[in-house]
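Hi,

Here is the structure I said I would pass on. Have a look at it first, and my notes follow below.

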Amino acid sequence: MRDLSKALAVAALILSFAPRDGRAAGSYDPDVPYRAVTSPNFYVVHAKGYEHIALRSAAIAESLLPGMVARFGYRPQGRITIVVDDQNDFANGTATVFPNKIITIYVTAPTEVSGLEDYDDWLYSVIDHELAHIVHLDMVFGLPVIGRFIFGKYIALNQYTPAWLSEGLAVYEETYSSGAGRGRSAYADMVIRVAALEDRFPHIDQGYRAYAYWPFSNVAYFIGGRFQAWLAYRFGEEALMRYHRIYAETPVPYLTWWAAFMAFDDTFEALWLTFEAEMKEDALLTQRLVRSSTLAETIPDRLTRYGGDLLGPKISKDGKHIFFSTNSPKDGPRIRRIDLDGGNDTVLVNDTFSKALSFTPDGSAFYYQQTEINQRFYFHNSLLRYDLKKEETELLRLDERYEKEFLAPSGSLRARDPDVSPSGTSIVFVQTPYAANRLVLARLGSDGLTLHPRVIVPAEPDVQLSNPRFSPDGRSIAVSRFRTGRRDVVIYDREGALVETITRDRAQDVDPTWSPDGRWLVFASDRTGIYNLYAFELESQRLLQLTNLMTGAYQPSISPDGRTIVFRGYSADGFDVYRVPFEPERGIQIERVLLPEEGLDDKPRRWPALSLGLPEKPPPAPFKDHPVPAPFELPEGWTMGEYSVESTLLPFNDNWNLIPEMSADETELFIRLSHFGRDALETQTYLVWGTYRTSTNFFGGGAIYQNDAFEPTFTIGGDADTRLFVLRDTEGNRLFDYTELRLLGSLSVSLPFRRRHLISLGYQIEGRSALNEVPDDVYEAAARLPADGRFARVRLGYSYSNVRAFAHSISIERGYELSFAISGLSKGLGSDYEQIVLGGDARGYLSMPASLLPNHVLAASLSISAGLGPDLVELFRLGGAAGQSALTTTTQNFFGLRGMQNSILAGLGVIHASLEYRAPIWRVERGFGTAPLAIRAFHAALFADTGRVFQTLEASTLFDGFFDAFAIGAGAELRADLLLGHALGLQVRVGYAHLLRVPGGEDRDVIDASGPFFQLGSLF
């Protein structure tokens, strides 16, 4: 879900950068026309062509809302917006009430086993979960109602809760309202069971979204959801809902203990410990049952220990290696190779997490999928080929004759789960158009890259296909198929005709693969409540259970000699590669029951029982080729029309908010009161604010409007503010605190291109004047006075970024960022001055070898800025340790140098560089019960800063004593990453800096600030 902190971060980003850079903000393709369905309680926004899904979404939401309102005891006011999003090839949904009540549903349904795959009806499940968020987060009772009237949606107390409360409640809702859901998931059961058995059960203070250890944010979903189901079972559902209502009327946020005592007569901390003990008892009971079953408990060989997630283990054609993808918290997504015994770990492809890998017949290359950003707006899958000899990756491409039919508007194939035929002449994969799946068989060109595709299994409503695998003779294709609430293994021929149904029941049957001789079809299933491996013998029709695990087994791959299975296995660290002998005849035969076909099988798969009075699910939305509005005739009072920005953008349209903030820069504190608005498609955004600065005693304010409905993005803004400067004499002595009044107006356009690049062009006019009267003697003695008058300029900027960071990172770890800008002051533009200002910044990050020094980073930055021209009025200031964070900022043209006084040196140009070695000390990831504070990590940095300012930029004297003018500071910092309010990340720095070198001609006593310091945020 999207929460308050993300919305505030967007507002802060616009406020901080838009006047200068015009950063693009929208998430939706401006070239796609959007429409909307209006029902009594919902406004469903969708791209043209998705009318069926929008109508069904509205029908589902309208049917769910009355029962949810009755259980929660609260009805949100006004319409709730639902955005139907098909720009992603992964499954998710989000919900926010700030600044508007908006649900976003990703219509691509989940297929791989992750906990999300357990659903009866994806659209119903995701809307149910996200609608629960809306009702819960929007709740307000008692005194907070007064705050809501004044401050608007900023006052919604359930926004200020740990994620395990908000996400856990939505998981509770999705579970009790369907026969599936994460509360019934065997995958979620596995995570809880293994954590309990290995004494790794998360503490209550670890249920936040940023949690960096396995199972990461799923502590909030899996364990938070199970905890609230446990509370409802123990105290009754009404007690659970009463807690959330009591918290929503508590005038002070974060006092969870008060509401817990009122509802449960105990603290959450104490109840969590009891819950943990019961989960341990349940896990031990399951362990006894596994060990006493007919098939002996399987003890597999564990070949890897990465932690985090892992997908697609595949044994190479020669049987010597295993290839797979990892997503480790230490080094992120990568495709790797190990020997069959687990040795010789080699990274082949960075920044890729592919569900499936498939080798060419000679084993010289493999095919895989990769999710990439296409045309800025889309996260769609492409297919790629990795050549093991050349160590190169190439993108698969369509023969141009097929582009119209098979290429998505994003320019992507939207393909996944590739498998190459035994002959190597064709490849089968799943394509995901229009919220459905179809099976595509493509002839491969002689280059192994060009596709000549044809659809063999057309898309059907609410049918999901995954993991197609060729039989050894190449005549058949086994697939895991979700249909009518059941996920089963079926076999098609090469023409798409259904040859055989292997399973048809309520179990989750996934990841089929063939034995090399074609005798057995092996797959994973949760039919015992634990995912194990099963083998189906095609000739005898026998179904045998191969493994009997306490954990789980997924994605089997059988060695070419038919003796070994490797699979994706589980421990409390996450997923790794495991190995067992392939001995199907030693398995136990189990009964194979093919249940009758039915419209929708939504009977509860396991505990708990369904809630009473659940609505009937509307029938599936037909594929896009069917006419609209069939099968839905618009009910009375419903309308369908064009999307209206005003419906969610304009203030007092159920989106009023007034946000108080307090921040600081390198000189003073300031208080800001702001109002923020954004439409549902994020095409238009505005921010208005008022400020008060403590040192200058000045009331200011401004406004920004950004339009991202087109390419490029347009931004217009204005601001009235002050800046405080210290005037000094030629000896560096302090003379006067000069307060500069700045009146600013700006207009900019920006255009992202080729994924990581951004170019911007803007016009800015600024008036500067002294707010306080400067004494005559100060004018005479001051070494330099800030210029006043009108500053009108045009600015051209460019930036590039390809940086990476991971769950255990203490900073950005890999990649670099570049930015460059040139601006020109001109009298022809309305300026009193003529000057060109150049600025460039480069930052690079190098991670140390992960096997030796995991998450150690060498970080460097270099900045050069200068003003050229007849009127040298722009000044650049050097010195200080101030950093940027959620609570602090720095003024324009400020460059920090630790060991020096803040902004002590000023000149017409500046060179500044920093070098840091950053090392983790202790990843804590602990909080204090339900208090709104968690300590995430301690880390340290050794640093060296250097820089100089230029008093003149004349070529004849520029290099005179060039290096003598540099200052050098060095030292060390101890840093702590904190989590405030369950969502806001903040870095605290305590350090010691020593000024090693004073610029020539400067008085050390004036500029030296060697010694300890405390700051918030990082310099870079």
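A quick word on terms before the notes: a cavity here is a set of grid points where a 1.4 Å probe fits but cannot get out, and its volume is the space filled by probe spheres set on those points. Also bear in mind that this is a predicted model.

Cavities first. I get 10 of them at 30 Å³ or more. How much space lies in the second largest cavity? About 110 Å³. Its lining takes in 17 residues, and Pro-162, Asp-205, Tyr-208, Ala-931 and His-982 are the ones nearest the centre. Helix H5 (163-176) and strand S48 (933-950) are the elements that contribute two or more residues to that lining. Sorted by class, the lining of the second largest cavity comes out as 10 nonpolar, six polar and one charged.

The largest cavity holds about 130 Å³. There are 13 residues around it, with Pro-313, Asn-467, Arg-469, Gln-555 and Pro-556 nearest the centre. The elements giving two or more residues to this lining are strands S7 (309-315), S20 (464-470), S24 (509-514) and S28 (553-558). By class, the lining of the largest cavity splits into five nonpolar, four polar and four charged residues.

Next, a helix pair. The axes of H7 (residues 218-235) and H10 (residues 268-291) come within 11 Å and cross at roughly 95 degrees, so H7 is roughly perpendicular to H10. On the H7 side the contact is made by Ile-223, Arg-226, Phe-227, Trp-230, Leu-231, Arg-234 and Phe-235. H10 brings Phe-268, Leu-271, Trp-272, Thr-274, Phe-275, Glu-278 and Met-279. Counting both helices, the contact residues divide into 10 nonpolar, one polar and three charged.

Last, one residue I looked at on its own: Asp-841, which sits in strand S42 (residues 835-847). Leaving aside residues up to four places away in sequence, what does Asp-841 touch? The list is Glu-817, Leu-818, Ser-819, Leu-862 and Ser-863. With Ser-863 there is also a side-chain to side-chain polar contact of 2.5 Å. As for Ile-322, Asp-841 is 519 residues from it in sequence, and the C-alpha to C-alpha separation is 43 Å.

Cheers

Key
Residues are numbered from 1 along each chain as its sequence is written. This is a predicted model: local features need pLDDT of at least 70, side-chain atom pairs count only at pLDDT 80 or more; totals for chains, interfaces and linings use all residues. Side-chain values use heavy atoms; hydrogens and water are left out. On a 1 Å grid over the protein atoms alone, a cavity is a set of points where a 1.4 Å probe fits but cannot get out, and a pocket is an open set with protein on both sides within 12 Å along at least five of seven lines; lining residues have an atom within 4 Å of a point. Helices (H or I, at least four residues) and strands (E, at least two) are DSSP runs, numbered from the N terminus. Ala, Val, Leu, Ile, Met, Phe, Trp, Tyr, Cys and Pro count as nonpolar, Asp, Glu, Lys and Arg as charged, and the others, Gly among them, as polar. Axes are lines fitted to C-alpha atoms, for helices over the stretch in contact, and angles run from 0 to 180 degrees between N-to-C directions. Angles under 35 degrees count as roughly parallel, over 145 as roughly antiparallel, 65 to 115 as roughly perpendicular and the rest as oblique. Contact means heavy atoms within 4.5 Å. A polar contact is a pair of N or O atoms within 3.5 Å; within protein, one must be able to donate a hydrogen and the other to accept it, and residues adjacent in sequence count only if both atoms are side-chain atoms.
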